[in-house]
Amino acid sequence: MLNSDVTWFPLHLRGAKCFEAPEPARHFAEGYGVQNVVFVDDEVKCKRSVRQECNIFINTRCTYWDAMILPPWLCKSPPEAILQRLLHEVAHVALKHPPNKRVVSSIAGLTIQLPSSPWDALRGQEAECWKWVLGLRKANSGKYELLMSAIEGWYLAHTYEHKDWSDLPEAQWAKYNKGTLPPDLWLSVPQWVRDEFRKQAQAEPIESLQRTAAGAVEATSQLVSQSFGFTILFDSRRRCP
Ligand SMILES: [Zn+2]
């Protein structure tokens, strides 16, 4: 386990259960200027991934990963959700985004000014990062798969305490959403999200999801998973190189 009491850790993650990310993930992130890639598994201290300067801290708990089964993410498994969170944070560094003033880390915890709709987290710089992630998946699927294997290896070897999610998309969906997985996931997201992201996202449906019985399309308003696994960056005094 990593020593999370060092100064480059965000205040809210000091003392959290942290682990070194697998080597291929660190190597990839370093190529974009990231200095440290930390995996966090701490139910109390870590609810989402964050970046501090050029260090990224990835939430490896997948309690609400059903939100990332939806487009534009289309994640097939918890390790893929972790991978996309990781890539999203790398994108913030690669795109040299300034810190997000709506997120503040303190010893007391992470304070977040939530948007009025969870879909608003797909706008602005967040949208740029997700397009970067989706673009990588589409244009460099070999690299994406290689990183996936590394994260899957870590995930399978890691022992989670109080694992409160399912690895199967259908079962995870049923935990927090009414009805079965919609056969056309794109119809479950707002029109503007379809317009904005469909080109970047992989067009083909997820195999395991295709097998799902034809359930009625769930309206977006029925989604109860408000907690998208992604990140937010917060204020920092120093700048990345
Ligand atoms: Zn972000």
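1. Let me start with the contacts along the chain. Among contacts in the protein with a separation of 6 or more, 74% are between residues 24 or more positions apart. Please keep in mind that this is a predicted model. Buried residues account for 39% of the 241 residues in the protein.

2. On secondary structure, the protein has 7 helices and 7 strands. Following the sequence, you will read the pattern β-α-β-β-β-α-β-β-α-α-α-α-α-β.

3. Next, the core. The largest nonpolar core holds 54 residues, and the members that touch the most others are A25, V40 and I58. At least two residues of this core come from each of α1 (23–30), β2 (36–40), β4 (55–59), α2, α3 (124–139), α4 and α6 (191–197). The element giving the most to this core is α2, with 8 residues.

4. Which residues does A25 contact, leaving aside its neighbours within four places in sequence? They are V37, L86, L147, A150 and I151.

5. Sorted by class, the contact of α1 with α4 has 7 nonpolar residues, with no polar and no charged ones.

6. Helix α4 also packs with α2. The axes of α2 (residues 78–94) and α4 (residues 141–157) come within 9 Å and cross at roughly 120°. The two helices are therefore oblique to each other. As for the hand, the crossing of α2 and α4 is right-handed. From α2, the residues P78, P79, E80, I82 and L83 meet L147, M148, I151, E152 and Y155 of α4. By class, the contact of α2 with α4 has 8 nonpolar, no polar and 2 charged residues.

7. Now some backbone details worth a look. Most residues other than glycine have a negative phi, and most peptide bonds are trans. In the loop between β4 and α2, where P72 is found, the peptide bond from P71 to P72 is cis, with omega near 5°. The loop between β4 and α2 also holds L74, which is not a glycine and yet has a positive phi of about 55°.

8. Is L74 buried or exposed? L74 has 22 C-beta neighbours inside 10 Å and so counts as buried, given that the cut-off for a buried residue is 20 or more.

9. H162 is another residue to check. H162 has a positive phi of about 50°, although it is not a glycine, and it lies in the loop between α4 and α5 (169–176). With 7 other C-beta atoms within 10 Å, H162 is exposed, because the cut-off for an exposed residue is 12 or fewer.

Notes
Residues are numbered from 1 along each chain as its sequence is written. This is a predicted model: local features need pLDDT of at least 70, side-chain atom pairs count only at pLDDT 80 or more; totals for chains, interfaces and linings use all residues. Axes are lines fitted to C-alpha atoms, for helices over the stretch in contact, and angles run from 0 to 180 degrees between N-to-C directions. Helices (H or I, at least four residues) and strands (E, at least two) are DSSP runs, numbered from the N terminus. Angles under 35 degrees count as roughly parallel, over 145 as roughly antiparallel, 65 to 115 as roughly perpendicular and the rest as oblique. A crossing is left-handed if the near helix is turned anticlockwise from the far one by less than a right angle, and right-handed if clockwise. Two residues are in contact if their C-beta atoms, placed from the backbone, lie within 7 Å. Ala, Val, Leu, Ile, Met, Phe, Trp, Tyr, Cys and Pro count as nonpolar, Asp, Glu, Lys and Arg as charged, and the others, Gly among them, as polar. A nonpolar core is a set of buried Ala, Val, Leu, Ile, Met, Phe, Trp, Tyr and Cys residues joined through C-beta atoms within 7 Å.
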